[in-house]
Structure formats: C-alpha cells, structure tokens
Amino acid sequence: MDRRTFIKRGLVGGAILLLGGGAGLALAPTKEQATPAGPLLALEPRGFQVLVAVAKRVLPAGADAASVAQQVDSLLSRAAPESQKDFGRLLMLFENALPGLLFDGHVLPFTRLSPESQDAVLLRWRDSKLTLRRTGYQALRRICLAVFYADEASWPALGYHPPSDLNKMAYDDSKLGTPDALPAAAPEAKDGGP
Amino acid sequence: MTSLRKVRASKSVIDGSAASSDLDLKADVCVIGTGAGGAVTAAILAQAGFDVLMVEEGGYYTSDDFNMREKFSMPHLYQEAGTRATKDQAITILQGRAVGGTTVVNWTTSFRTPEDVVQRWRDKHAVKGFAYPDLVPHWDTMEKRLAIEKVTLESLNLNNRKLYDGCKAMGWDADTLKRNVHQCLQTGFCGLGCPVNAKRSMLVTMIPDAIDAGARLLFRGRADKLEASGNTVAKLTGTLLDAEGRTPTGKGFTVTAKRFVVSGGALNSPALLLRSGLDEGPVGVRTFLHPVIGSSAIYDEEIIPYEGAPQSAASHHFARRGDDVGFFLEAVPWYPSLAGGAAPGFGAEHLTFMKQVRHTATHIAIAIDGFHDELPGGRVTLRESGMPIIDYPIPPKLWETFRFAQKRLAELQLAGGAKVVASLHDPPLEIRSKADIDRLVDAAPYEPSRLPVFTAHQMGGCAMGDDKASSVVRSEDLRHHRLENLYVIDGSVYPTSLGVNPQLSIYGLSHLMATRLSQLPK
C-alpha cells in the first residue's frame with residue numbers, strides 16, 4: 001500500500017490497518033486514571049481513561065485532568081457521530097502497545113508509561129512523518145487545551161479577567177436605519193464601557 | 001430591549017424542541033437557514049407580502065444568553081460545537097449555527113465584493129444575470145440598515161494597530177475597515193455573541209424585520225430533505241431537535257410551500273441538495289475556504305489582544321499576485337479557548353506561550369482560493385449520518401503561498417517593533433531578526449498538522465452561472481437550473497472565493513436577488 005492510498009483510508013482506519021491491529025492487541029490493560037464524575041456521553045470507559053492520561057501531560061501541572069476529560073466528552077457528544085467514533089478509535093490507537101512497540105520501542109500502553117515516556121510518545125507523534133500520527137497528536141492536544149482554557153479556573157494564571165454580565169447593559173437599536181427607528185438612546189456606559 | 005424580547009417571545013416564533021407532536025406547516029415561501037442570506041431574503045419577501053416561514057437548525061439565543069464565555073458559545077453557537085474540520089483534519093472550520101447564522105459570531109468586518117471579482121464571474125463563470133452596478137444600491141441599503149461604517153484609526157486596539165503600523169512601515173497598503181456595529185462598547189467579544197446588541201447581526205435586524213412583517217420562524221428544526229416531483233419541490237421534511245440541539249426529539253416536521261429558498265451556507269446548502277438526491281450539476285464542488293495561517297508576535301508594550309474591536313484594519317497589498325495566489329492580512333482576537341487550541345506544544349511549553357498573552361499580537365494571512373487552476377477548492381459530500389464533510393486537500397501551491405505569507409507576516413511584525421515572532425508551527429519557528437526570516441521559514445515544514453490552518457469564510461458549492469455544466473443555480477435570480485421553485489441564496493452560490501470577508505457580499509447579493517423574487521406572483 002503506498003502512502004497515498006494509506007492517507008485516503010482516513011484518519012484512523014488506515015492507521016489501524018497499517019499498524020496491525022486495534023484495541024484487542026494491547027499487551028497490557030489500560031491503567032485506570034480517574035472515575036468519571038458523571039455518565040459518559042460520547043466516549044467508552046477505556047477511551048476516557050486514556051484521555052485523562054493524555055490530559056495530565058498536555059495540561060499545565062496541577063490541572064484537573066479528569067474534569068477536562070469529562071468536559072471533552074460532553075463537547076464531543078455534540079460533534080458528528082462519525083467524529084465521535086473516530087476520536088474513540090484514536091484514543092485506542094494512542095493507547096495501544098503494539099504500535100508503540102513497532103514504532104517507538106515501548107511495550108506498555110500509554111496509560112502505564114512514566115510521565116517522561118508519555119511526553120516522549122507525544123513528541124514522537126508530533127514529529128512523525130506519518131500525517132495520521134501528527135493529526136492524532138494535534139486532535140488530542142487541541143481539544144484538551146481548548147476545553148481547559150474555556151474554563152474560568154484557568155484564567156488567573158494568564159492574567160486574563162474578562163468582564164461578566166455585560167448583557168445586562170444590552171440595548172435595542174434594532175430599528176435603526178428603518179422608518180420605525182427610535183430616537184437614539186445612549187447605552188448605560190456612556191464613557192465607552194469597560 | 002422590549003422590542004427584541006417581544007420578537008423572541010412572539011407567537012410567530014416556533015420552538016421545535018418544545019413541539020409535542022409532528023408539525024405540518026405551510027407557507028408561500030420556506031427559507032431554510034437564517035444567516036446572512038436567509039434572513040435578508042425572508043425579511044424582503046415578508047415585507048413584500050409573502051407568507052414566509054424560516055426554518056433554522058440552531059437555537060434562538062440572544063444577548064440575554066451571550067455571556068462572553070466560550071464555554072457557552074462553542075457548543076451553542078458553532079457548527080459541530082466548534083469541532084468541524086476538513087476531512088483530513090488539516091483545516092479547522094469556524095461556522096455559526098444559530099438563529100442569525102454565522103452573523104451572530106463573526107467579527108463584524110464588512111467589505112463589498114471587489115469589482116474585479118464580480119467582473120471575473122461574468123467573464124469566466126458565465127454569471128450574466130447581474131453586474132457590479134446592480135449590486136451597489138443593495139449594498140447602500142444594507143449598509144444603512146446595519147450601520148456599516150468605516151472605523152477611525154484612533155479606534156484601533158493595539159492588536160490591529162500593530163498590523164496597520166507594521167504594514168505601513170513595510171511600505172504596504174493598509175487601511176481601517178468597515179464594521180456593522182452601532183454604539184459599540186469595544187468589548188471585543190463579537191465572536192462569542194455580542195452581549196450588548198451593538199453588533200448589527202441578522203439576529204437583531206433582518207430577523208426581527210421579517211417577524212414584524214408577518215414571517216414565522218421555526219428553530220431547532222433540521223432540514224433533512226426536499227421532496228421533488230417533476231420539476232418542482234413539493235415539500236421539505238425535517239427533524240426536530242432538543243433544546244440543546246444535540247439529539248432529535250423523535251418528532252418531525254414538514255413544510256409545504258410554493259417556493260423554497262436554501263440558505264444554509266456553503267457546507268449545509270450543498271448537503272441538503274445531496275441528501276435530497278438533487279445532485280445534478282456541480283453540487284458541493286468548488287467549495288472555498290479562504291484558508292488562514294497565523295503568526296504571533298511578542299512586543300515590549302502591553303497589547304491586550306482581547307480588548308477592543310477584534311478586527312479593525314486590513315491589508316490587501318498582496319491580494320492580487322497574478323499567477324501566484326493572493327492573500328490578505330488581518331488581525332485575530334485572542335479568546336482563551338481558541339488561542340489555547342491554536343498555540344503550539346503542550347504542558348509547560350504551551351503554558352509559557354499562553355502566559356505571554358498580554359504582550360502578544362496575532363495576525364493572519366487569508367489565502368484567496370478559487371482563482372487558480374491549482375486551487376480548485378474542496379468538495380462537500382455526505383457522511384453516513386447525513387452531515388456534510390468537506391474534503392479539501394491543501395495543494396502544494398497553497399502551502400507555498402503560506403510559506404510566502406508567513407515571511408510577510410514576520411516582516412510586518414518585526415517592522416512594527418516585535419521582539420520575537422512565532423509561527424504557530426508545533427514546535428514554533430522563533431524569528432528574532434530579519435535575517436532569521438528566510439532561513440527559518442524556508443526550512444520549515446508546510447504540510448498537514450505541522451501548523452494550524454483555519455477557515456472562517458466558507459463559499460461556493462452551489463455555484464451560480466448560466467452554463468449548466470458548471471453551475472447549480474442560474475445567475476439572474478439564483479433559481480435552480482431545473483427545479484422551478486427552488487432557489488439558493490447564500491454564500492454557497494459564489495463561483496470563486498471573494499478575497500474579502502464575506503458577510504457584506506452575501507447581504508448585497510441576497511438583497512438584490514430577494515428584491516427580484518419579490519416581484520413574482522404570490
């Protein structure tokens with residue numbers, strides 16, 4: 001199979017084919033990371049554990065990886081069914097020890113590696129010549145970080161303090177530019193607002 | 001607020017998620033989608049006396065809901081909760097999904113379609129049904145209605161000012177731009193839904209106009225299929241979704257109408273035609289994305305890139321490059337979740353990047369696709385679930401355009417005083433001097449998932465034109481070539497990309513075409 005055909009098979013399907021197997025070929029079971037705080041809407045229980053392990057390395061030290069994984073699950077439940085399935089497969093592939101053995105020389109699933117080895121795996125996926133591995137790394141990394149930084153708890157570290165409740169100052173000029181236009185009413189924040 | 005709240009609470013507004021049984025609706029005109037195309041069309045036809053029904057998959061959120069938090073806006077106001085991407089995942093797609101469509105979350109930048117682009121459609125894409133001067137009065141009207149005005153140089157935040165000054169220092173054209181805002185408080189949260197209704201999106205203008213003129217609106221109703229018999233569409237069938245838009249309620253709806261207008265935007269409109277088996281002609285083909293790359297720069301002074309109008313300056317200096325692909329330069333606002341996903345690396349490295357935010361300006365190059373044979377755009381097809389997916393493999397010529405544009409972004413940022421410029425490659429290129437630019441950028445990889453590529457502008461897929469082989473709707477009135485009562489009015493009808501942010505192009509074209517439609521017998 002040439003590279004072109006490989007890429008055409010899609011993000012994860014092709015990778016599983018090339019790497020010689022799916023979740024069933026793992027040499028050791030996934031290590032439990034956290035108990036989900038609520039029912040999972042999009043992920044399988046094992047995929048959730050892998051995601052927590054990924055989030056622990058991707059997020060700043062001390063972040064609540066389990067909570068982020070739960071929020072990723074919630075966000076994914078609004079994505080296309082195909083995307084949900086692909087993401088679940090990606091997590092299994094990332095966890096799987098056999099491709100790790102073939103490509104990276106480690107025999108343990110991702111969840112059982114030391115933090116240093118986990119970072120090394122992430123970097124190998126980041127720098128891989130295989131588009132599918134880079135894409136997988138970016139998908140895992142981005143969704144964890146996007147969800148983490150959507151949460152206000154992450155903002156003080158950045159010095160980011162956005163206003164809140166401005167919608168209480170909302171005004172209605174919806175008729176502006178029509179024959180029914182009201183006389184222009186100044187918004188409450190006359191000095192230009194925040 | 002009384003009048004907008006009154007509209008939201010009006011009996012003409014039907015919440016599909018709350019329906020306890022299937023809905024059978026009738027109208028003169030059924031408009032599917034309530035963004036820049038659908039809302040304008042619905043308002044004009046309703047004002048002309050047609051019985052109009054708008055159908056919208058998204059939720060009806062208002063300034064009462066817009067809390068300046070991506071935790072709310074991403075899942076509620078964006079397609080696929082912000083996870084929409086091209087088939088190979090190389091391009092992230094930002095597209096709205098709400099009553100008001102993408103106009104609820106866009107960054108308010110307003111350009112008329114460049115005259116040479118309209119002329120090119122006439123010359124190369126058999127768009128004979130209108131010429132540039134035909135659009136002008138319609139833009140005039142929409143600009144007045146949406147308070148679209150050019151901003152002053154003094155109003156620019158530093159994120160935009162650095163773009164403007166950097167371009168000027170390089171000797172390039174740059175200018176302030178027009179925005180659709182009135183009494184803007186400069187909160188900077190346009191992309192998350194304007195919390196104070198200063199942004200004159202469809203949500204606060206043409207949709208209330210349509211309702212005031214007697215139109216009805218069904219929201220949380222997903223259009224599944226147009227049922228055609230012979231040369232007419234008889235019926236629309238669809239699915240009602242729960243209040244969160246996540247899952248079907250188990251109830252459905254049908255709309256019987258004399259005419260149907262498809263206004264779902266550049267991915268959802270072709271998808272609706274494909275689901276309906278109306279795949280004659282180039283449906284879903286030549287879909288353009290204005291693919292975007294970015295460059296972040298650190299300055300000594302504080303930039304605070306999240307305060308002030310997100311976009312207020314632009315440079316079209318490199319928009320026309322002959323045989324090379326053109327692009328234009330703009331600024332992007334910093335929203336924590338958007339930035340968190342785009343910033344490179346993970347762990348401590350990523351946190352360091354994020355912590356520099358107050359001193360960071362981010363500028364983008366927006367590639368103008370569809371004008372070169374090597375950039376034929378993407379193709380929209382259906383997934384198993386019936387949802388659209390766009391296959392847009394980035395061609396080598398576009399990667400090389402990005403490489404060229406990356407150098408220009410670094411140049412303007414250094415010229416504007418940046419200490420260090422970082423491409424968004426993972427790991428990033430760190431450019432500290434002019435001498436670094438060619439050396440680092442020439443050696444950098446430009447291929448999928450080495451750097452983030454975005455699109456906030458989706459165009460094409462149901463091209464207009466008078467050559468049936470290369471178009472889906474005719475250009476005089478955007479009517480389907482075969483189906484006599486089916487129209488497509490939205491950004492999907494463009495035969496190329498626009499080379500400017502699309503909203504005002506769509507407002508003007510929709511206003512012209514809806515005005516023509518309003519002359520038809522009821």
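Predicted model: local features only at pLDDT ≥ 70, side-chain atom pairs only at ≥ 80, totals over all residues.

Colleague: Okay, chain A to begin with. How many helices and strands are there in chain A?

Modeller: Chain A has 8 helices and 0 strands. Along the sequence, the pattern reads α-α-α-α-α-α-α-α.

Colleague: And what share of chain A counts as buried?

Modeller: 42% of its 194 residues. On contacts in chain A with a separation of 6 or more, 60% come from residues 24 or more positions apart.

Colleague: Now the interface. How many residues of chain B are in contact with chain A?

Modeller: 53 residues of chain B, and they meet 51 residues of chain A. On the chain B side, the elements giving two or more residues are helices H1 (2-9), H3 (70-77), H5 (132-145), H9 (336-342) and H10 (347-355).

Colleague: Which of them gives the most?

Modeller: H10(B), with 5 residues. As for the make-up of that side of chain B, you get 21 nonpolar, 19 polar and 13 charged residues.

Colleague: Switching to domains. How is chain B divided?

Modeller: Into domain 1, covering 2-147 + 188-287 + 458-517, and domain 2, covering 152-179 + 292-368 + 395-447. Taken over C-alpha atoms, the centres of these two domains of chain B are 31 Å apart. Their contact takes 13 residues from domain 1 of chain B and 18 residues from domain 2 of chain B.

Colleague: Which elements of domain 1 touch domain 2 there?

Modeller: H3 and strand E5 (109-110) of chain B are the ones giving two or more residues to that side of domain 1. By class, the side of domain 1 that touches domain 2 has 5 nonpolar, 7 polar and 1 charged residues.

Colleague: You mentioned E5. What sheet is E5 of chain B in?

Modeller: An open sheet of 3 strands in chain B, in the order E5-E8-E6, with antiparallel pairing. E5 and E6 (148-150) of chain B each have a single partner strand, so they stand at the edges with one side left without a neighbour in the sheet.

Colleague: How many bridges join E5 to E8 in chain B?

Modeller: 2 bridges, with E8 being residues 178-180 of chain B. In one of the pairings, B:Ser110 has B:Lys178 in E8(B) as its bridge partner.

Colleague: What about the hairpin, which strands form that?

Modeller: E18(B) and E19(B), with 5 residues between them. E18 (379-382) and E19 (388-391) of chain B run antiparallel and are joined by 4 bridges. B:Leu382 sits opposite B:Pro388 in E19(B), and in the turn B:Gly386 has a positive phi of about 95°.

Colleague: Last one, H6 of chain B. What span does that helix reach?

Modeller: H6(B), residues 158-170, has 13 residues and reaches 18 Å from first C-alpha to last, close to the 18 Å expected. After H6(B) comes B:Gly171, with a positive phi near 85°.

Colleague: Which residues in H6(B) are buried?

Modeller: B:Leu158, B:Asn159, B:Asn160, B:Arg161, B:Lys162, B:Leu163, B:Tyr164, B:Gly166 and B:Cys167. Their cover includes strands E15 (313-315), E16 (327-331) and E17 (360-367), along with helix H11 (396-415), of chain B.

How values were computed:
Residues numbered from 1 in each chain as written. Chains lettered and ligands numbered in written order. Expected span 1.5 Å × (residues − 1). Buried ≥ 20, exposed ≤ 12 C-beta atoms within 10 Å, placed from the backbone. Contact = placed C-beta atoms within 7 Å. Pairing = 2+ DSSP bridges. Nonpolar A, V, L, I, M, F, W, Y, C, P; charged D, E, K, R; others polar. Domains from an automatic or database assignment.
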